[in-house]
Amino acid sequence: MTARRDETQCDCHWGSEEELALLKIPDVELDADLLHRTWRAPDWTDHGAVLRRILPQFARALVGGRVKPLFGMDEVGLSFTRGHWQQWPTQQSAAVSEFLHAWWAHSLTEPDPAVPVYEILALCAEASSVLGPWLSTWETLDHPVADRHLAEAAAHWEYDLLGDQLPWDTWHDADALRTELAGWLVRHAPARLRAQDAPEQLLHRIRLIGLTGPARWEDPHWPGHRY
(Lines give C-alpha, C1' and ligand atoms only; values in the text may rest on other atoms or scores of the structure.)
Protein backbone atom coordinates (compact mmCIF):
# COMPACT_ATOMS: atom_id res chain seq x y z
CA MET A 1 0.00 0.00 0.00
CA THR A 2 1.05 3.63 -0.48
CA ALA A 3 0.02 7.10 0.52
CA ARG A 4 -2.02 8.98 -2.06
CA ARG A 5 -0.07 10.41 -4.97
CA ASP A 6 -1.32 13.91 -4.10
CA GLU A 7 -0.60 13.57 -0.35
CA THR A 8 1.26 16.59 1.03
CA GLN A 9 2.97 17.47 4.28
CA CYS A 10 4.73 20.47 5.80
CA ASP A 11 8.41 20.34 4.87
CA CYS A 12 9.41 22.67 7.71
CA HIS A 13 7.68 20.70 10.49
CA TRP A 14 7.21 17.14 9.26
CA GLY A 15 10.03 16.40 6.85
CA SER A 16 11.44 16.68 3.35
CA GLU A 17 9.92 16.07 -0.06
CA GLU A 18 12.27 13.12 -0.41
CA GLU A 19 10.87 11.56 2.75
CA LEU A 20 7.30 12.18 1.61
CA ALA A 21 8.12 10.47 -1.69
CA LEU A 22 9.07 7.29 0.23
CA LEU A 23 5.49 7.01 1.51
CA LYS A 24 4.30 6.83 -2.10
CA ILE A 25 6.43 3.75 -2.79
CA PRO A 26 5.34 0.40 -1.28
CA ASP A 27 7.50 -1.79 0.96
CA VAL A 28 10.40 0.64 1.43
CA GLU A 29 11.69 0.48 5.01
CA LEU A 30 11.57 3.82 6.84
CA ASP A 31 14.12 4.86 9.41
CA ALA A 32 12.84 5.01 12.99
CA ASP A 33 12.61 8.80 13.08
CA LEU A 34 10.61 9.00 9.85
CA LEU A 35 8.28 6.24 11.03
CA HIS A 36 7.73 8.15 14.27
CA ARG A 37 6.98 11.44 12.52
CA THR A 38 4.63 9.70 10.11
CA TRP A 39 2.35 7.94 12.59
CA ARG A 40 2.26 10.97 14.91
CA ALA A 41 1.40 13.59 12.27
CA PRO A 42 -2.24 14.63 12.79
CA ASP A 43 -2.85 16.39 9.49
CA TRP A 44 -2.56 13.94 6.62
CA THR A 45 -5.12 14.44 3.88
CA ASP A 46 -5.77 10.68 3.98
CA HIS A 47 -4.47 9.33 7.27
CA GLY A 48 -5.89 5.90 6.49
CA ALA A 49 -3.79 5.52 3.34
CA VAL A 50 -0.66 6.64 5.19
CA LEU A 51 -1.38 4.22 8.04
CA ARG A 52 -1.86 1.33 5.61
CA ARG A 53 1.47 2.24 4.00
CA ILE A 54 3.44 2.02 7.25
CA LEU A 55 1.42 -0.62 9.08
CA PRO A 56 3.55 -3.76 8.44
CA GLN A 57 6.69 -2.02 9.70
CA PHE A 58 4.76 -0.14 12.37
CA ALA A 59 3.26 -3.36 13.75
CA ARG A 60 6.70 -4.97 14.04
CA ALA A 61 8.05 -1.89 15.80
CA LEU A 62 5.11 -1.86 18.23
CA VAL A 63 5.52 -5.49 19.22
CA GLY A 64 9.26 -4.99 19.58
CA GLY A 65 8.81 -2.03 21.93
CA ARG A 66 10.54 0.32 19.49
CA VAL A 67 7.71 2.87 19.27
CA LYS A 68 8.28 5.66 21.79
CA PRO A 69 5.38 8.11 22.13
CA LEU A 70 6.01 11.38 23.92
CA PHE A 71 3.39 10.65 26.57
CA GLY A 72 1.70 7.24 26.32
CA MET A 73 0.64 4.50 23.96
CA ASP A 74 -2.83 6.03 23.77
CA GLU A 75 -1.17 8.33 21.20
CA VAL A 76 -0.65 5.30 18.97
CA GLY A 77 -4.28 4.31 19.43
CA LEU A 78 -5.27 7.81 18.35
CA SER A 79 -3.27 7.34 15.15
CA PHE A 80 -5.33 4.22 14.42
CA THR A 81 -8.51 6.17 15.16
CA ARG A 82 -7.50 8.92 12.75
CA GLY A 83 -7.00 6.26 10.10
CA HIS A 84 -10.62 5.05 10.49
CA TRP A 85 -9.31 1.49 10.13
CA GLN A 86 -12.64 -0.07 11.11
CA GLN A 87 -14.12 1.41 7.91
CA TRP A 88 -11.47 -0.14 5.66
CA PRO A 89 -12.36 -3.04 3.35
CA THR A 90 -13.25 -6.13 5.37
CA GLN A 91 -10.02 -8.03 4.76
CA GLN A 92 -7.90 -5.05 5.79
CA SER A 93 -9.89 -4.13 8.90
CA ALA A 94 -10.00 -7.79 9.95
CA ALA A 95 -6.20 -7.97 9.68
CA VAL A 96 -5.81 -4.95 11.97
CA SER A 97 -8.27 -6.39 14.48
CA GLU A 98 -6.51 -9.75 14.42
CA PHE A 99 -3.16 -8.09 15.01
CA LEU A 100 -4.38 -6.05 17.97
CA HIS A 101 -6.16 -8.98 19.61
CA ALA A 102 -3.21 -11.33 19.08
CA TRP A 103 -0.73 -8.82 20.49
CA TRP A 104 -2.99 -8.18 23.47
CA ALA A 105 -3.56 -11.84 24.28
CA HIS A 106 0.11 -12.72 23.89
CA SER A 107 1.27 -9.82 26.06
CA LEU A 108 -1.03 -10.85 28.92
CA THR A 109 0.92 -14.09 29.35
CA GLU A 110 4.36 -12.73 28.45
CA PRO A 111 6.38 -12.34 31.67
CA ASP A 112 8.31 -9.33 30.40
CA PRO A 113 6.46 -7.77 27.45
CA ALA A 114 8.26 -5.08 25.48
CA VAL A 115 5.34 -2.73 26.21
CA PRO A 116 3.58 -2.71 29.61
CA VAL A 117 0.17 -4.35 29.47
CA TYR A 118 -1.60 -1.27 30.80
CA GLU A 119 -0.12 0.74 27.93
CA ILE A 120 -1.28 -1.80 25.35
CA LEU A 121 -4.77 -1.66 26.85
CA ALA A 122 -4.84 2.13 26.43
CA LEU A 123 -3.69 1.74 22.82
CA CYS A 124 -6.32 -0.89 22.01
CA ALA A 125 -9.10 1.05 23.73
CA GLU A 126 -8.22 4.22 21.84
CA ALA A 127 -7.85 2.37 18.53
CA SER A 128 -11.21 0.60 18.88
CA SER A 129 -13.15 3.14 21.03
CA VAL A 130 -14.23 0.32 23.39
CA LEU A 131 -12.86 -1.41 26.49
CA GLY A 132 -15.16 -4.39 26.88
CA PRO A 133 -13.51 -6.92 24.53
CA TRP A 134 -10.03 -6.26 25.88
CA LEU A 135 -11.12 -6.52 29.51
CA SER A 136 -13.08 -9.70 28.73
CA THR A 137 -9.96 -11.36 27.36
CA TRP A 138 -8.08 -10.46 30.54
CA GLU A 139 -10.93 -11.59 32.79
CA THR A 140 -11.26 -15.02 31.21
CA LEU A 141 -7.51 -15.68 31.18
CA ASP A 142 -6.63 -17.84 34.18
CA HIS A 143 -2.87 -17.34 34.22
CA PRO A 144 -0.51 -16.18 36.99
CA VAL A 145 1.39 -13.87 34.64
CA ALA A 146 -1.87 -12.18 33.59
CA ASP A 147 -2.65 -11.70 37.28
CA ARG A 148 0.77 -10.16 37.89
CA HIS A 149 0.14 -7.74 35.04
CA LEU A 150 -3.22 -6.94 36.64
CA ALA A 151 -1.48 -6.00 39.90
CA GLU A 152 0.94 -3.75 37.99
CA ALA A 153 -1.91 -2.13 36.08
CA ALA A 154 -3.99 -1.55 39.20
CA ALA A 155 -1.05 0.14 40.92
CA HIS A 156 -0.59 2.31 37.83
CA TRP A 157 -4.29 3.24 37.59
CA GLU A 158 -5.39 3.71 41.19
CA TYR A 159 -4.30 7.31 41.63
CA ASP A 160 -6.23 8.55 38.60
CA LEU A 161 -9.27 6.38 39.24
CA LEU A 162 -9.50 7.63 42.83
CA GLY A 163 -9.69 11.12 41.33
CA ASP A 164 -12.42 9.94 38.92
CA GLN A 165 -10.07 10.35 35.96
CA LEU A 166 -9.32 7.94 33.14
CA PRO A 167 -5.63 6.91 33.42
CA TRP A 168 -4.90 7.90 29.81
CA ASP A 169 -5.91 10.64 27.40
CA THR A 170 -8.79 9.85 25.08
CA TRP A 171 -10.72 11.26 22.16
CA HIS A 172 -13.68 9.07 23.10
CA ASP A 173 -16.14 9.25 26.03
CA ALA A 174 -13.72 9.54 28.95
CA ASP A 175 -16.42 9.24 31.63
CA ALA A 176 -17.86 6.08 30.09
CA LEU A 177 -14.44 4.46 29.69
CA ARG A 178 -13.38 5.43 33.20
CA THR A 179 -16.63 4.10 34.70
CA GLU A 180 -16.25 0.81 32.84
CA LEU A 181 -12.60 0.39 33.82
CA ALA A 182 -13.24 1.28 37.47
CA GLY A 183 -16.22 -1.03 37.74
CA TRP A 184 -14.35 -3.91 36.15
CA LEU A 185 -11.35 -3.41 38.43
CA VAL A 186 -13.47 -3.30 41.58
CA ARG A 187 -15.41 -6.43 40.59
CA HIS A 188 -12.69 -8.50 39.08
CA ALA A 189 -9.32 -7.60 40.55
CA PRO A 190 -9.42 -8.17 44.35
CA ALA A 191 -9.58 -11.97 44.39
CA ARG A 192 -6.87 -12.32 41.77
CA LEU A 193 -4.65 -9.75 43.45
CA ARG A 194 -4.95 -11.49 46.82
CA ALA A 195 -3.69 -14.63 45.13
CA GLN A 196 -0.68 -12.55 44.02
CA ASP A 197 -0.09 -11.36 47.61
CA ALA A 198 -0.72 -7.79 46.49
CA PRO A 199 -0.21 -5.14 49.17
CA GLU A 200 -3.22 -4.52 51.40
CA GLN A 201 -2.88 -0.82 50.65
CA LEU A 202 -3.55 -1.50 46.95
CA LEU A 203 -6.54 -3.69 47.77
CA HIS A 204 -8.00 -0.95 49.96
CA ARG A 205 -7.54 1.63 47.20
CA ILE A 206 -9.32 -0.60 44.71
CA ARG A 207 -12.16 -0.94 47.22
CA LEU A 208 -12.28 2.84 47.56
CA ILE A 209 -12.60 3.22 43.79
CA GLY A 210 -15.96 1.48 44.15
CA LEU A 211 -17.17 4.11 46.63
CA THR A 212 -18.28 7.67 46.00
CA GLY A 213 -18.46 10.96 47.87
CA PRO A 214 -17.88 10.98 51.65
CA ALA A 215 -17.89 7.18 51.80
CA ARG A 216 -14.65 7.33 49.85
CA TRP A 217 -13.07 10.43 51.34
CA GLU A 218 -13.92 9.65 54.96
CA ASP A 219 -12.77 6.05 54.83
CA PRO A 220 -9.81 5.47 57.17
CA HIS A 221 -7.82 4.11 54.22
CA TRP A 222 -8.34 7.18 52.04
CA PRO A 223 -4.80 8.17 50.96
CA GLY A 224 -5.46 11.91 51.14
CA HIS A 225 -4.70 12.63 47.48
CA ARG A 226 -5.27 16.17 46.27
CA TYR A 227 -6.46 16.50 42.68
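Which residue takes a positive phi just after α6, and about how large is that phi?

Analyst: The residue is Ser129, which takes a positive phi of about 70° just after α6. The model is predicted: local features need pLDDT of at least 70 and side-chain atom pairs count only at pLDDT 80 or more, whereas totals for chains, interfaces and linings use all residues. Residues are numbered from 1 along each chain as its sequence is written, and side-chain values use heavy atoms, with hydrogens and water left out.

The protein has 11 helices and zero strands; here helices (H or I, at least four residues) and strands (E, at least two) are DSSP runs, numbered from the N terminus. Along its principal axes, the C-alpha trace spans about 60 × 35 × 30 Å. Of the 227 residues, 47% count as buried, where buried means under 20% relative accessible area, exposed means over 50%, and partly exposed lies in between (1.4 Å probe, protein chains only). Of the contacts between residues at least 6 apart in sequence, 63% join residues at least 24 apart; a contact means heavy atoms within 4.5 Å.

Helix α6 itself comprises residues 117-128. The expected span of a helix is 1.5 Å times one less than its number of residues. For the 12 residues of α6 this gives 16 Å, and the end C-alpha atoms are 16 Å apart, which agrees. Because 10 of its 12 residues are buried, α6 is largely enclosed by the rest of the structure. The buried residues are Val117, Ile120, Leu121, Ala122, Leu123, Cys124, Ala125, Glu126, Ala127 and Ser128. They pack against α3, α4, α5 (90-108), α7 (132-140), α8 (144-162) and α9.

Particular residues show how such packing is made. Trp157, in helix α8, is buried, with a relative accessible area of 1%. Leaving aside neighbours within four places in sequence, Trp157 is in contact with Tyr118, Leu121, Trp138, Pro167, Trp168, Leu181 and Leu185. Among these, Leu121 is also one of the buried residues of α6. The C-alpha atoms of Trp157 and Ala189 lie 12 Å apart, although 32 residues separate the two in sequence.

Residues up to four places away in sequence not being counted, Phe80 touches Leu51, Leu55, Phe58, Leu62, Trp85, Val96 and Ala127; Ala127 is buried in α6. Phe80 is also one of the residues with the most contacts inside the largest nonpolar core, together with Phe58, Leu62, Trp138, Leu185 and Leu193. A nonpolar core is a set of buried Ala, Val, Leu, Ile, Met, Phe, Trp, Tyr and Cys residues joined through side-chain atoms within 4.5 Å, and the largest here has 67 residues.

Helix α9 (residues 174-195) contains Arg192. Arg192 counts as buried because its relative accessibility is 12%. Its side chain makes a polar contact with the side chain of His188 (2.7 Å). A polar contact is a pair of N or O atoms within 3.5 Å; within protein, one must be able to donate a hydrogen and the other to accept it, and residues adjacent in sequence count only if both atoms are side-chain atoms. Beyond residues up to four places away in sequence, Arg192 touches Trp138, Glu139, Leu141, Asp142, His143, Ala146, Asp147 and Leu150.

His84 has a phi near 50°, a positive value in a residue other than glycine. It lies in the loop between α4 and α5 and is partly exposed, at 48% relative accessibility. Asp164, likewise not a glycine, has a positive phi of about 55°. Asp164 is placed in the loop between α8 and α9 and is partly exposed, with a relative accessible area of 37%.

In summary, α6 is a helix largely enclosed by the rest of the structure, with 10 of its 12 residues buried, and Ser129 follows just after it with a positive phi.
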